Amino acid sequence: MSAEAPLLAVLGVGVSFPGARPPVRALADVELRLLAGRSLGLVGESGAGKSQLALAIPGLSAPGAVVEGSIRFCGEELINASPARLRALRGRHIGFIAQDPQAALAPHLKVGTQLTETLRSHHALDARAARAAALQMLERVQVPAPAARLGQYPHELSGGLRQRVSIAIALIASPSLLIADEPTTALDVTVEAGIRALFLKLRQELKLALVLVSHDLAVVGGLCDEILVLYAGRVVESGPAAAVLKDPRHHYTAALAAASATLEAPLGLPLATIAGSQPAPGVELAGCAFAPRCPAAAARCHAERPPLASVAAGGARVACHFPRASA
Amino acid sequence: MSYALRRLLGLVPTLFIIVSLAFVLVRLAPGGPFDQEQTLAPEIKANLERAYGLDRPLGEQYLRYLGRLAHGDLGPSMRLRDFTVNELIAIGLPVSLTIGGLALALSLLIGLPLGLGAALARRRGLDRLLMATTALGIAIPPYVTAPLLALVFGIYLRWLPVAGWEGGQLRDLVLPVVALALPTLAYLARLTRASVLEVAGLPFVRAARAKGLSEARIVLVHVLPPALGPVLAYLGPAAAGILAGSLVIETVFGLPGMGRFLVEGALNRDYTLVLGKVIVYATLVLLLNLLVDLLRALLDPRIRARRRA
Ligand SMILES: Nc1ncnc2c1ncn2[C@@H]1O[C@H](COP(=O)(O)OP(=O)(O)OP(=O)(O)O)[C@@H](O)[C@H]1O
Ligand code: SF4
Ligand SMILES: [Mg+2]
C-alpha cells in the first residue's frame with residue numbers, strides 16, 4: 001500500500017486561530033494518506049475539527065486561520081501554494097461539498113449558472129456544451145426533470161434536490177478527489193438514505209477518491225475504506241474501516257461505535273452515551289485529551305500525551321497509552 | 001408588468017392620505033395668506049378670500065381642492081398672484097430634479113465603488129482612510145459644506161461660480177450637486193462596505209471559492225448582487241434626504257428650484273403653493289421607492305417568488 005504514491009498526503013497539519021479570544025488550536029499534528037479512488041471517513045463529535053481539516057485541504061480555511069504542516073495533492077504541496085494555483089485545483093481537481101449545502105447555493109443565481117460556471121472557469125467551453133454537460137451531471141445525480149431545473153433558483157428546490165445539485169456542482173468538472181463535509185446531516189432520514197446510495201453509485205462510476213466527514217461512525221462505515229477518528233483536534237485512531245468498526249482500539253472510538261450502534265436515527269444524539277465533553281476551545285491538556293472522560297484513564301494519561309502508533313499489521317494506528325485489547 | 005401597474009395604483013391611497021394630512025396641517029397654522037398685507041382694505045381682503053374660495057367652509061374647500069387635484073390642477077398661488085402653482089412647479093421642478101438627480105447619481109457612481117473597494121481592502125490603509133472620511137461626510141450637513149465649498153472654489157480659487165443658474169450650465173451645477181451629494185455618497189459607501197462584507201462571509205461565497213472561480217467573478221457575480229439589496233433599499237430615504245437638502249442648497253446657491261418660494265410660501269401661508277410642492281415632493285419619494293422595490297426584485301428571485309404567491 002505504501003508503495004503507491006498517495007493522491008492526498010497530509011502530514012503534521014495544524015490549524016489555529018491565534019487572533020481568537022482565547023487563541024484556539026482547532027487541529028494539531030494531523031496525518032492521513034488517501035490513494036486514488038479510495039475513500040476515507042473523518043469522524044468525531046461536534047468541534048473535533050472535522051470541518052477545519054476538510055477546509056484546510058483545498059486552502060479554504062477562514063481568514064485568520066494559520067495552517068501549518070504539509071498537504072500534498074498528487075505530490076504537489078498545497079500549503080503556501082499560490083492563489084492562482086489553488087484556484088486551478090479547486091473545482092477542477094478537488095471537489096468540495098460544504099457542511100450545510102443548503103446554504104452553499106447562491107440564492108440569486110439559477111441552478112444552470114451555478115453548474116456551468118464551474119466548468120467554464122476551468123475549460124474553454126461554449127454555453128451550449130456547458131449546458132449539455134450540466135444536464136448530464138444532473139441526470140447522473142438522479143435529479144428528476146433536469147432540463148427544467150437549469151432554469152430554477154435554489155429556493156424552488158426541495159432540500160434533497162438542493163443537496164443533489166450541490167453534489168453535481170462539486171463533480172461537474174470531474175475532480176479526482178471529492179471532499180464532502182457532512183453531506184447528509186441536514187436532511188431527513190429517507191432523503192439521507194437516497195444521498196448515501198448516490199455516493200456509493202458515484203464512487204463506483206467515477207472512480208473518485210472521497211473524504212467524507214460525518215459525526216456518525218455507521219454512516220462512514222458503510223461508505224468508506226478507511227476511517228480516521230478525530231478528538232479535540234487530534235487523530236486518535238485510524239485504519240481500515242472494517243477493523244476500526246469491528247474492533248476499535250481507542251476508548252473514544254469504542255464509545256462512538258457503541259453510541260452509533262444503539263441509535264438507529266443518524267440525526268439523533270450519537271454521543272449520548274459518552275458522558276462529559278471535549279475540552280473547551282482554547283484549552284489544551286498536557287496529557288490525553290480524552291482522559292477526563294475515559295473509563296481506562298490512569299495517572300500517565302493525564303501527564304503524557306499518547307503518540308499515534310501502529311497497533312496492528314493491517315495499518316491501524318491508535319493514540320492511547322492503554323489501547324483496548326484486540327477482540 | 002401588471003405587478004408594477006398594481007403597485008403604481010396602490011400609491012393613490014397613500015397619496016390621498018398625504019394630501020389630506022398636508023391640507024389639514026397647512027391650515028392649522030394661525031393666520032391666512034392675506035393677513036400680512038397691512039395696506040389691504042378689509043373689503044378687498046374679503047374679496048380676495050372670496051376669489052380664492054377661502055370664505056367657504058373648510059370641508060368644502062378640501063373637496064374642491066381634491067376635485068381640482070384629480071385633474072392635475074394645483075390651483076393658483078395665493079401670494080404670487082400672476083402664477084398658478086402648476087406654473088411655479090414647472091419652473092422649479094426641472095432645476096430641482098436636475099441637481100437632485102445628479103446628486104443621487106453621483107452618490108451611487110462614487111459611493112458604491114468606494115464601499116466595494118473598502119470592503120475588498122478590508123482593514124488595510126485604504127479601508128481605514130475611507131471609513132474616516134465617510135464618517136466626516138455623513139456628520140457634516142449640506143448647510144455647512146455648501147458655504148464652505150462656495151468659499152473655497154468660488155471665492156478663493158475662482159474656479160466655479162458661487163451662485164446662479166444660466167440655463168443649467170455644468171459649471172453652475174458642480175458645487176450645488178457636490179454639496180448635496182456628499183452625505184448620501186458617504187452613507188452609501190459605508191452601507192455598501194458593510195453589506196459586501198456581510199455577504200462575503202456567507203457560506204455560498206466559500207462554495208463559490210471552492211469551485212475555483214476567479215476572484216473577479218466571485219465579487220461581481222456572487223457577492224455584489226445580493227449585497228446591493230440593502231443599498232437599493234436605502235435609495236428611497238436617500239432621495240428624501242437629498243430633496244430636503246436641496247431646499248438649503250438652492251437657497252445657498254441661488255438656484256430657481258422647487259425650494260424657491262417654499263419657505264416664504266410657508267411663512268406667508270400661501271396654502272396652495274405649499275400644498276402643491278409638498279404633493280410633488282411626496283409623489284417623487286413614493287415613485288422612487290416603488291422603482292427601488294421593483295429593482296430589488298430584479299436582483300433577488302426570492303422576492304419575485306413571494307410576490308407571485
Ligand atoms: N473562525 C474561528 N475562530 C476560532 N475558532 C474556530 C474558528 N472556526 C472554528 N473554530 C474552532 O475549531 C474547532 C473545530 O471546529 P470544526 O468546525 O472543525 O468542528 P467539526 O468537527 O466540524 O464540528 P461539527 O460536527 O459541529 O461541524 C472548534 O473548537 C471551533 O471552536
Ligand atoms: S491514553 Fe489513557 S485516557 Fe487516553 S484514551 Fe488511552 S487510556 Fe484513555
Ligand atoms: Mg463541521
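How many nonpolar, polar and charged residues does the shell around ligand 2 have? The shell has nine nonpolar, three polar and no charged residues, where Ala, Val, Leu, Ile, Met, Phe, Trp, Tyr, Cys and Pro count as nonpolar, Asp, Glu, Lys and Arg as charged, and the others, Gly among them, as polar. The residues around ligand 2 include Cys288(A), Cys294(A), Cys301(A) and Cys320(A), together with His250(A), His251(A) and His321(A); a residue is near a molecule if one of its heavy atoms lies within 4 Å of it.

The model is predicted, so that local features need pLDDT of at least 70 and side-chain atom pairs count only at pLDDT 80 or more, whereas totals for chains, interfaces and linings use all residues. Residues are numbered from 1 along each chain as its sequence is written, chains are lettered from A and ligands numbered from 1 in the order in which they are written, and side-chain values use heavy atoms, with hydrogens and water left out.

Ligand 1 is surrounded by 15 residues, and the closest are Ser46(A), Gly47(A), Lys50(A), Ser51(A) and Gln99(A). Polar contacts are described here as pairs of N or O atoms within 3.5 Å; within protein, one atom must be able to donate a hydrogen and the other to accept it, and residues adjacent in sequence count only if both atoms are side-chain atoms. In the side chain of Ser46(A), an N or O atom is 2.4 Å from an oxygen atom of ligand 1. Lys50(A) places a polar side-chain atom 2.9 Å from an oxygen atom of the ligand. Ala48(A) takes part through its backbone, with an N or O atom 3.2 Å from an oxygen atom of ligand 1.

Two further side-chain pairs can be followed within chain A. Ser70(A) belongs to strand 4, residues 66-73; helices (H or I, at least four residues) and strands (E, at least two) are DSSP runs, numbered from the N terminus. Ser70(A) counts as buried because its relative accessibility is 17%, given that buried means under 20% relative accessible area, exposed over 50%, and partly exposed in between (1.4 Å probe, protein chains only). Its side chain makes a polar contact of 2.7 Å with the side chain of Glu77(A). Beyond its neighbours within four places in sequence, Ser70(A) is in contact (heavy atoms within 4.5 Å) with Ala9(A), Val10(A), Leu11(A), Val13(A), Glu77(A) and Ile79(A).

The second pair involves Glu205(A), which lies in helix 7, residues 189-206, of chain A. Glu205(A) is partly exposed because its relative accessible area is 36%. Its side chain is joined to that of Arg140(A) by a polar contact of 2.9 Å.

Chain B has twelve helices and zero strands. Its C-alpha trace spans about 85 × 60 × 30 Å along the principal axes. Of its 309 residues, 41% count as buried. Among contacts in chain B with a separation of 6 or more, 72% are between residues 24 or more positions apart.

Both chains contribute to the largest pocket, which holds about 1,200 Å³ of space. On a 1 Å grid over the protein atoms alone, a pocket is an open set of points with protein on both sides within 12 Å along at least five of seven lines, a cavity is a set where a 1.4 Å probe fits but cannot get out, and lining residues have an atom within 4 Å of a point. Grid points are joined across faces, edges and corners, and a volume is the space filled by probe spheres set on the points. The largest pocket is lined by 37 residues, and Gly59(A), Ser61(A), Ala62(A), Pro63(A) and Arg209(B) lie nearest its centre. Elements giving two or more residues to this lining include strand 4 of chain A and helix 7 (170-200) of chain B. The lining divides into 24 nonpolar, five polar and eight charged residues.

The largest cavity has a volume of about 210 Å³. Its lining has 22 residues, with Phe96(A), Ala104(A), Ile169(A), Ala207(B) and Lys211(B) nearest the centre. By class, these comprise 14 nonpolar, six polar and two charged residues.
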